[in-house]
Amino acid sequence: MGSSYFSSGVFTFLRELEANNNREWWEDNKDRYIRLIREPAKEFIADFGPRLQSISDRFVADTRTNGGSLMRPYRDTRFSKDKTPLKENVGIQFRHEMGKDVHAPGFYLHIAPRDCWAGVGLWRPEPKVARRIREAIHERPDDWKRATKYKAFTKVWTIDPGEDELLKRVPKEFDPDFEYADDLRMKSFTAGHRLTQKAVTSPDFDDIVGKAFKAAGNYTEFLCTSIGLPY
């Protein structure tokens, strides 16, 4: 068994950041961030590339510090009432090769104290993209069932948008009595898989994540083909 990518020090650092989210603390602790988070994350991303390719060669594991798979620690506060300068989590995203932002299909990892999870899919796609996905669900219900309702998917992944992430009603162009009518109301097309801090700091973390992402293969393929992207 090899060594872990992330140590428990990641969570100690993030808890301290929660209590000291200011630029002065950050400048004093930036070297810790590099040592505990940035460099281990880059190593994980590099090693995870072949696993990602075995799922689909259309998704990218990019080790660049700026614009790569590791999301930057700085928050964009220009249009937010919350002016804390730093994100209190670690975000890693493996985007589709044709995706230019977080709204593209992708695989995602979120690491934070008491809140670790993997995600897959498309978050809040623009209306024309969402419509194409809804049309695909309506026109290919058997494929949607295969992607989201079979045990191979549901024993790993959960689709649970909550009422605030659902349209008030089924869009008028679709049959309200359709078998998966509630799925047509979703604003985002994402699924989540809960992770423990123990899993994140395990030497098997890449294997744990790889198996989870592989179980979402049919789901990711459905979303990609629905909006005209190769998988």
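This is a predicted model: local features need pLDDT of at least 70, side-chain atom pairs count only at pLDDT 80 or more; totals for chains, interfaces and linings use all residues.

Colleague: What volume does the largest pocket have?

Modeller: About 650 Å³. On a 1 Å grid over the protein atoms alone, a pocket is an open set of points with protein on both sides within 12 Å along at least five of seven lines, and lining residues have an atom within 4 Å of a point.

Colleague: Which residues are closest to its centre?

Modeller: Of the 27 lining residues, those are Tyr-108, Trp-117, Gly-119, Trp-123 and Thr-190. E2, E3 and strand E4 (189-195) each give two or more residues, and E3 gives the most, with five. Strands here are DSSP runs of at least two residues and helices (H or I) of at least four, numbered from the N terminus.

Colleague: And how many cavities of 30 Å³ or more are there?

Modeller: One, from a search of the whole structure. A cavity is a set of points where a 1.4 Å probe fits but cannot get out. The volume of the largest cavity is about 100 Å³, and 14 residues line it, Tyr-33 and Pro-73 being among the closest to its centre. Helix H1 (9-19), helix H2 (23-55) and strand E1 (90-95) each give two or more residues to that lining.

Colleague: Is E1 largely enclosed or open, and why?

Modeller: Largely enclosed by the rest of the structure, because five of its six residues are buried. Buried means under 20% relative accessible area, with a 1.4 Å probe and protein chains only.

Colleague: Which way does E1 pair with E2?

Modeller: Antiparallel, over six bridges; DSSP must find at least two bridges for strands to pair. Gln-93 stands opposite Tyr-108 in E2.

Colleague: Switching to helices: at what angle do H4 and H9 cross?

Modeller: Roughly 145 degrees, and the axes of H4 (residues 141-148) and H9 (residues 217-226) come within 7 Å. Axes are lines fitted to C-alpha atoms over the stretch in contact, and angles run from 0 to 180 degrees between N-to-C directions. H4 brings residues including Trp-144 and Arg-146, and H9 brings Asn-218, Tyr-219 and Phe-222; contact means heavy atoms within 4.5 Å.

Notes: Residues are numbered from 1 along each chain as its sequence is written. Side-chain values use heavy atoms; hydrogens and water are left out. Grid points are joined across faces, edges and corners, and a volume is the space filled by probe spheres set on the points. Buried means under 20% relative accessible area, exposed over 50%, partly exposed in between (1.4 Å probe, protein chains only).
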